[in-house]
Amino acid sequence: MSNKFDAFNPEEHYAVLCTILGDAVFNLHRENKPVTIAQIVSRLSEERRQRDDKLEDGYYEAVIRVLCEKTN
């Protein structure tokens, strides 16, 4: 996966990544929980464990990695 975001690049799976992130944000909001990076990461980690889907693991790891990455 490249470091340059291009949502319309069909060779990358950005739509899947955006859907995973969007679902987590929407569900946290719907449950009246704070929508913070820490909460999103926690939610995605929990969902990943519950799904136990090796195919989707990489997508969840990518979203979690990006959210946890420190910016300079």
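Start with helix α3. It has 15 residues, and at 1.5 Å a residue these should span 21 Å. The C-alpha atoms at its ends are 21 Å apart, which agrees. The model behind these values is predicted.

Now look at how α3 begins. At its start, a side-chain oxygen of D53 comes to within 2.9 Å of the backbone nitrogen of L55. Further along, α3 has a set of buried residues: D57, Y59, Y60, A62, V63, I64 and L67. What do the buried residues of α3 pack against? Their partners are α1 and α2. An α-helix has 3.6 residues a turn, so residues three or four places apart point the same way.

Step back to the whole chain. It holds 3 helices and 0 strands. From the N terminus on, the order of elements is α-α-α. Helix α1 covers 14-30 and α2 covers 37-51, while α3 covers 54-68. The chain has 72 residues, and 26% of them count as buried. Its accessible surface comes to about 5600 Å². Carbon and sulfur atoms account for 52% of that surface. Contacts can also be sorted by separation in sequence. Among contacts in the chain with a separation of 6 or more, 29% join residues 24 or more positions apart.

Next, turn to one residue of α2. E47 sits in this helix. Is E47 buried or exposed? E47 has a relative accessible area of 14%. The cut-off for buried is under 20%, so E47 is buried. Which residues does E47 touch, leaving aside its neighbours within four places in sequence? They are N27 and Y60.

Finally, follow the loops. N32 has 72% relative accessibility. Exposed means over 50%, so N32 counts as exposed.

The loop between α2 and α3 holds D52. Here too phi is positive, at about 50 degrees, although D52 is not a glycine. The relative accessible area of D52 is 57%, so D52 is exposed.

Technical notes:
Residues numbered from 1 in each chain as written. Predicted model: local features only at pLDDT ≥ 70, side-chain atom pairs only at ≥ 80, totals over all residues. Heavy atoms only, no water. Helix = DSSP H or I, 4+ residues; strand = E, 2+ residues; numbered from the N terminus. Buried < 20%, exposed > 50% of the residue type's maximum accessible area, 1.4 Å probe, protein only. Contact = heavy atoms within 4.5 Å. Areas by Shrake-Rupley, 256 points an atom, 1.4 Å probe, with all protein chains shown as cover. Expected span 1.5 Å × (residues − 1). Polar contact = N/O pair within 3.5 Å; in protein donor to acceptor, adjacent residues only side chain to side chain.
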